[in-house]
Amino acid sequence: MPQPVSPSTGSATALARLAERLQCPQTTIEPLSGLAEDELRTLETIIKHAQEQHQQQLRTALQRGCPRLLQPLLHRLIQRHWP
Amino acid sequence: MSSLQARLELTKLARRLNISTQQLAALSSQPADNLRLLRRQSTLSLFHREHAFFHHLATILAPLPTPLLAALATRFGPRVTAQLAVALPSAYAAGLAARLSSELLAQTCLHLDPLRSRELIRHLDLSTLVRAACQLVDKHAFIELGQLADFLDDDAIQAVIAAIDDDRALLSIAYYMESRTRLDHIVQLMPRQRLERIVMNAADPANDQICEILALLSSVGYSLRSPLSALAADQPAQTLTQIILLSDRYQLWPELLPILTALNPERQRRLLALPVLLEQPSLLSHAIEAADQHGLWSSVLPLVPLMNNELVQTVAEQAARLPDAAIERAMTAALMGEQWQALAQVAQRLPADKQMLVRSIIVGYGAVDAELSERLQRLLQAYEIAR
C-alpha cells in the first residue's frame, strides 16, 4: 500500500495562500492538498485576477453610472465600505 | 464521481472565473467534488467581498419607487444591478426586475450571485422569468439557465419549458442543472412527446449532444430511463456505433452502462452484437475499467449471458488484465445480485492464475456460509474452472 505523502513546505504554503485568497480556513480546501505547488500558485493567481477584475468592473460601473446628484453619497459609501 | 461530472464542474468553474477551461487544465484530473468545492469558495470570495457596500447602498436606495430604481439600474448596468438585486428585499428586487429591459434583465442574470439569488428568483413573476429565460437562451447562457432552473417551482418550470421552443437548448439547460433529483422531477413535468423528440434528436451523434443526453438518461429515475433509453437504442446500428465510440472518447462509460441496464434483453442483445465491440477491444477494456472504478459490476454482469461467445472471450481477455482486487469486487457484485452464472461464463475463459483466485475467494466464503461456498464450488466444477 502506498503511504500518504505529506505535502512539501512549498505546497503547504501555496495551499495556505490559496485559502487566504479564498477567504476561508485552510481546512475547507484541504481536499485540494493533492495539487502540486505550482498548480496551487497558478490557481491562486487565476482567482486573484478574477477577483480584481470583478471588483474593478463593479467600481467602474458604479462610478460611471452614478447620477451627479448621488455622487457625494457614493463617494462616502465607497470610502467607508468598499473592501 | 464520473469524469462527465468533473468535466461539467470544470466548465462551470471556468465560467465563474471568466476564463477558458484550457486555463484550468491542471485541474482536469481532480474529482468533481473538489472542483465543486473550489467553485463554491471562488463564488463566495468573488461575490461576497462587496457585500457590506451593497447592503448599505441597497438600504439607501430601497425607499425609492421602483421606476426610479429601474432608471438607476439602467445607468449602473448589469453588474451593479445584480449585486443590488440580491441586497434588496426579494419582493422589491423582483418588482425592479419586472421593469428592466429584456437585455438588461438577461445580462443581470449572468452576473447574479448564485448563492444568494434563490429567493429573488422565486419572487420573479412568470412573464419576467420567461422573458429572462428566452433572452438567456439567445445568449446560449445554459450554465446560468441551469442554475435558474434549480430554483424554480413547477409552474415556473412549465412556463419556461413552454416558452423555449429550441429542444437543443432545453437539453443543454438540463445538462447544467446542479440538482440531479430536481432534474428528474423537471423531466417528469415535460410533455412526453417533447421529451421523446429531444432524446431522438440528441441520440443522433451528428447533433453533438451525446454528453448531454447520456447525462440526462443516467440522471432520471428508472420509470423514465427505461422508455427513453429504448428510444435511443432503437436508432440504426451505425448511429449506435457512433454513440459508443463517442462515449468512449469522452469517457462516458459510467453514464452509458446504467443506461444499457435499463434496456430490455432484446435491445441489449442488439447493442452487444455491434461489430465495433469486437473490432476495437479497447472499448470493452475501458467499459470494464469504468465498471470497476465506479462500482458498476452489477450493471455489467447481467449483460454477459446476452453476449455471443466471441464477445465473452474478449471480455475475459480484458478482465484478465484487471488487478486481483477488481476480480474480488466483481465477485462481490455477483454475490449481491446472484450473478454467478454470468461470472462463471467469464471466469472459465480467464487464465489459470485468475481462475485460482476466483476459486480461493469462493472457498473463503465457506467460513461465513458453507452452503453457499459448496454451491458455488459445484458451479465452478460445472464450468470446469480451476479444476
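Before going on, a word on what you are looking at. This is a predicted model, where local features need pLDDT of at least 70 and side-chain atom pairs count only at pLDDT 80 or more, while totals for chains, interfaces and linings use all residues. Residues are numbered from 1 along each chain as its sequence is written, chains are lettered from A and ligands numbered from 1 in the order in which they are written, and side-chain values use heavy atoms, with hydrogens and water left out.

Now to the meeting place of the chains. Contact means heavy atoms within 4.5 Å, and 30 residues of chain B are in contact with 33 residues of chain A. Buried area is the accessible area (1.4 Å probe) that two parts lose on being put together, summed over both. Between chain B and chain A this area is about 3,100 Å², with carbon and sulfur atoms giving 71% of it. In chain B, the residues that lose the most area to chain A are B:R49, B:F53 and B:R79, together 22% of what that side buries.

Which elements of chain B give two or more residues to this side? They are α2 (32-47), α3 (51-61), α4 (66-76) and α5 (78-87). Here helices are DSSP runs (H or I, at least four residues), as strands are (E, at least two), numbered from the N terminus. The most comes from α2(B), with eight residues.

What joins the chains? A polar contact is a pair of N or O atoms within 3.5 Å; within protein, one must be able to donate a hydrogen and the other to accept it, and residues adjacent in sequence count only if both atoms are side-chain atoms. Eight residue pairs, both at pLDDT 80 or more, are in polar contact between chain B and chain A.

Finally, look at B:D113, in the loop between α7 (102-110) and α8 (118-123) of chain B. Leaving aside neighbours within four places in sequence, B:D113 is in contact with B:T43, B:F47 and B:H48. The side chains of B:D113 and B:H48 are joined by a polar contact of 2.8 Å.
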